[in-house]
Amino acid sequence: MLSRRGRGNYFIKPDYRARLDNQYFIDITTKDLVFQPEVYELVDYLAERSGATHIIDVGAGNGLKLKPLTEKYKLIAIDHKSNMDELRSNLPGHQCLEADLEKGLPRLPKNILKKSIVVSADVIEHLKRPDKYLQDLAHLSHQVPFLLLSTPDRVRVRGIGDCGPPGNPAHVREWSLEELYSLLANYGFAGLMAGYTINTNQHRRKSTSLLISGTDVYHENHGSKVEQKAIQAIITLYNDAEIIDQVIDHLLQQGVDVHIVDNWSSDGGYELVKSKSAKTTGLSYERYPIKKPKYYEWEKLLLRVDDIAAEGSYDWYLHHDADELRLSPWPGISLRQAISFVDSRGYNALDFTVLDFRPTKDGFGKEGKLEEFFTHCEFGKRPGHFVQKKAWKSAGKKVGLAETGGHEVIFENRRTYPLKFITKHYPLRGTKQAQRKIFSERLPRLSPAEKKKGWHIHYDSFGQKDNFIWPEEMLLQFYPPTFFAEYLVELISGIGVNRTKT
């Protein structure tokens, strides 16, 4: 039911003119030109990680975008009129249902919905009266893990001053992202994440709005009622004294306790943590190993982290570095709130997307604030950046961190939450610090045995004459009010991020 403010214009600005004599849309999708390619890639990603058995496509067109999924899932494709012949031809052996979406969706068994991902890509703009379509999708969003809805963003396609009717003769009306979010929220969709995705595989313009809903998306009605879990981050520390205080404070503010495993820091970091722990609830520390080691032995440190978690009493643990800040996928929702919600949905592990923050100038010091000084970043590109399963629900057992070099926890019946959380990484913070870290503190201490394994190669491309300052134009500006929307797909899945081979 639309609110009084939205009635008649579906939350589009009041002076907007719809086209009520639109043409029927015949899907002409080809293999060469694919609309919303990342939407369907994300559907596959979410289905695989959530353990879905079915994909339900509401307004499936000719079904070509579903063809890559025919061997992995049972498909239910819904459309009507002349699209049905091609739909049945392209998806043999799968269920193709005919329905006039303005009159609502066909009823589907609840036992199927619980294991289904729903997608409705670029459909709503074709409907004269989308009320019943929206009511039924909203109802589905309270039954399925994830529901995705996309449509062209009017402002990005037509300009901020556009008042309609749409340029596409098959479109009735078009929304901005903000208007679409308000519309879906008004219809009571379960949890909403909003952002942009590319329009086609050829043009790759971020001009399509994408809304993600479902039972496994954080929403206040559920999230505020779940039991809040006890969580501890185990941080391995070596010579990050200038920022460790901020990292600890950030975690404590996020509702996460902290245990520091100091590997014999020589910059005063251990002493700082020791002093801070005396007056800080939720902070503990140790120095490991007992005697100062000759080499930096990452495997032994990981074994120690594994032992601490296996023997501890917390519900969840985070394997955490001293030069990073962790965030939930939902701005304003703390790590504790988010992890507790994830736990309530039956998942027991988390994956992370890495954002490498780069210095664009020198001058950062102990008095500097990480999130104020470092405003530009890039998505992690190395293979290891795409395997970041570093948070897990404790079962009182070891999770094999050392076996994967700290990139991934391994245990029976692991269910990794499909949406990735976020790691803001600050490894290099200026020319002097970077040179000291890499060439004085790191390379001379590397374990020969671990180097033979192929570990510790990610700084091999840097030289001592590098100034370690990145041009801003090579990076992405991290401004939370827009960044989370602009890079929604990349943040929650890694889809669309450029990758390197090493």
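Is Phe 484 buried or exposed? Phe 484 comes out buried, at a relative accessible area of 13%, where buried means under 20% relative accessible area, exposed means over 50%, and partly exposed covers what lies in between (1.4 Å probe, protein chains only). The model is a predicted one, so to speak of local features takes a pLDDT of at least 70 and side-chain atom pairs count only at pLDDT 80 or more, while totals for chains, interfaces and linings use all residues. Residues are numbered from 1 along each chain as its sequence is written, and side-chain values use heavy atoms, with hydrogens and water left out.

Now for the overall picture. The protein chain carries 16 helices and 18 strands; these are DSSP runs numbered from the N terminus, with helices (H or I) needing at least four residues and strands (E) at least two. For 502 residues, a compact globule would have a radius of gyration near 23 Å, and the 25 Å of the protein chain agrees with that. That radius is taken over C-alpha atoms, and the globule rule is 2.2 Å times the number of residues to the power 0.38. Laid along its principal axes, the C-alpha trace spans about 80 × 45 × 45 Å. Of the 502 residues, 58% count as buried. The chain exposes about 22300 Å², with carbon and sulfur atoms supplying 49% of it; accessible areas come from the Shrake-Rupley method with a 1.4 Å probe, and for residues only the protein chains shown count as cover. As for contacts (heavy atoms within 4.5 Å), take those between residues at least 6 apart in sequence: 76% of them join residues at least 24 apart.

Back to the aromatics. The structure holds 25 aromatic pairs, where rings of Phe, Tyr and Trp (its six-membered ring) pair if their centres lie within 6.5 Å, and planes under 30 degrees apart count as stacked, over 60 as edge-to-face and the rest as tilted. In one of these pairs, the rings of Phe 373 and Phe 374 have centres 5.0 Å apart and planes at 65°, so the pair is edge-to-face. Both Phe 373 and Phe 374 are buried. Phe 478 and Phe 484 make another edge-to-face pair, 6.1 Å centre to centre with 65° between the planes. Phe 478 is buried too, at 12% relative accessibility.

Helix H2 (residues 83-90) has Asn 83, Met 84, Leu 87 and Asn 90 as its buried residues. Seen down the axis of H2, these fall within an arc of 135°, so they line one face of the helix; the arc is that of the directions from the helix axis to the C-beta atoms. Asp 85 and Ser 89 are exposed on the other side of H2. Strand E2 (74-79) and strand E3 (95-98) are among what covers the buried residues.

Helix H13 (residues 431-442) is where Ala 434 sits. Ala 434 counts as buried at 0% relative accessibility, and the buried residues of H13 also include Thr 431, Gln 433, Lys 437 and Ile 438. Helix H8 (241-253) is part of what covers them. Leaving aside residues up to four places away in sequence, Ala 434 touches Leu 428 and Phe 468. Ala 434 and Phe 462 are 28 residues apart in sequence, with 9.8 Å between them in space, C-alpha to C-alpha.

Pro 293 lies in the loop between strand E10 (283-287) and helix H10 (298-311) and counts as buried at 17% relative accessibility. Pro 14, by contrast, is exposed at a relative accessible area of 79%, in the segment before helix H1 (37-50). Pro 14 and Cys 163 are 149 residues apart in sequence, yet 9.1 Å apart in space, C-alpha to C-alpha. Cys 163 itself is partly exposed, with a relative accessible area of 23%, whereas Cys 96 is buried at 15%. The structure holds zero disulfides, a disulfide being a pair of cysteine sulfur atoms within 2.5 Å.
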